[in-house]
Amino acid sequence: RCKNLSVSFWNSYWMLPSDVCGVNCFWEAAFRYNYMKTCPSEKMHLAVVACGERLEETVTMLRSAVIFSIKPLQFHIFAEDQLHESFKDILDDFPHDGRVNYTLYPITFPTESAAEWKKLFKPCASQRLFLPLILKNVDSLLYVDTDILFLRPVDDIWSFLGKFNSTQIAAMAPEHEEPRIGWYNRFARHPYYGVTGINSGVMLMNMTRIRRKYFKNDMTPVRLQWGEILMPLLKKYKLNITWGDQDLLNIMFFHNPESLYVFPCQWNYRPDHCIYGSNCKEAEEEGIFILHGNRGVYHDDKQPTFRAVYEAIKNYSFEDDLVHALLQPLELELRKTMHTYCGRVYKVFIKQLTKSVRDLYARRSKGR
């Protein structure tokens with residue numbers, strides 16, 4: 001019923017005049033509200049892969065997801081065995097209220113090529129490629145890197161599943177907005193999606209469609225399914241790829257562009273969007289929705305704006321008042337970063353977060 005609702009609504013939504021932003025924005029907001037209200041018990045499935053020293057970062061990401069989300073969350077956490085007990089100890093203390101559940105999984109790759117997949121790019125990163133094959137009973141999934149922070153409800157990005165047309169199976173954001181600083185268009189030695197490639201740190205997937213699809217490719221005239229295409233792609237391109245599994249996804253969607261829905265940049269906002277000057281217009285207008293602290297910026301002093309947001313969410317206690325314990329101290333810290341390019345636009349880091357806090361308190365007030 002929920003899927004039928006989303007499909008029928010968006011079919012009507014896209015018939016509205018595209019040049020009337022006010023109308024379209026109004027209906028988009030109305031759809032998201034009604035979708036959440038009509039499907040309150042629908043679980044949102046979120047997956048992450050944690051290896052090495054990524055425990056704290058992963059927990060902070062999960063914390064940000066719990067703070068604002070409306071519908072129930074099911075976490076699928078793929079982690080090295082030595083991290084499992086620590087995850088259990090921490091997550092069992094999360095304020096569940098019946099809305100949050102988690103499952104821990106070991107890191108697993110196809111037996112015959114496990115060593116090769118595990119060493120591709122960062123340890124365990126390519127695990128994400130096998131999620132549709134491992135989580136066979138999960139229809140849709142949001143995969144995120146450990147260095148992601150949600151600044152608005154997960155529900156909002158989850159609702160994009162209702163925007164997929166009949167051929168789209170996944171959604172990601174561009175790797176760059178500005179081709180002059182793009183990596184793929186300047187250095188890639190393999191095919192990539194679009195003008196600047198795509199970033200796989202935030203990847204929304206209709207996994208039922210992924211498992212059913214036969215993919216065009218440049219290895220054989222015969223189309224291959226997801227489980228059949230991964231190893232041949234790796235064998236062909238392993239000497240030409242730099243970013244591992246993300247490069248393989250770029251190659252796949254280069255040959256199957258009709259299968260990808262592209263998010264605007266504020267759904268995967270990274271240092272490249274501000275360290276050379278602000279180049280994500282959507283974030284300038286609406287704020288950052290999902291913050292992606294790649295390049296290790298949460299843990300060094302190179303980009304203090306990113307680190308300030310990370311530290312604020314990491315140190316926030318669920319029982320504390322969000323305004324006084326999170327928003328106000330964070331804004332003071334962000335003001336101290338104005339000597340950097342990202343700091344000059346620090347308001348985009350707090351604009352959506354402020355709205356999310358306001359909306360959360362409004363929901364709580366109505367629920368009394």
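I began with lysine 213, which lies over the face of phenylalanine 215 at 5.6 Å from the ring centre; a charge sits over a ring if NZ of Lys or CZ of Arg is within 6 Å of the ring centre and within 35 degrees of the ring normal. I noted that this is a predicted model, where local features need pLDDT of at least 70 and side-chain atom pairs count only at pLDDT 80 or more, while totals for chains, interfaces and linings use all residues. Residues are numbered from 1 along each chain as its sequence is written, and side-chain values use heavy atoms, with hydrogens and water left out.

Next I looked up arginine 152, whose charged end sits over the ring of phenylalanine 289, 4.2 Å from its centre. Phe289 also belongs to one aromatic cluster with Phe160, Phe164, Tyr261, Phe263 and Trp267.

I then looked up the aromatic pairs, of which a search of the whole structure finds 20. Rings of Phe, Tyr and Trp (its six-membered ring) pair if their centres lie within 6.5 Å, and planes under 30 degrees apart count as stacked, over 60 as edge-to-face and the rest as tilted. The rings of phenylalanine 94 and phenylalanine 318 have centres 5.2 Å apart and planes at 65°, so this pair is edge-to-face.

I checked burial too, where buried means under 20% relative accessible area, exposed over 50% and partly exposed in between (1.4 Å probe, protein chains only). Phenylalanine 94 is buried at 7%, and phenylalanine 318 is buried at 18%. Phenylalanine 160 and tryptophan 267 form an edge-to-face pair, 5.1 Å centre to centre with 85° between the planes. Phenylalanine 160 is buried at 3%, and tryptophan 267 is buried at 2%.
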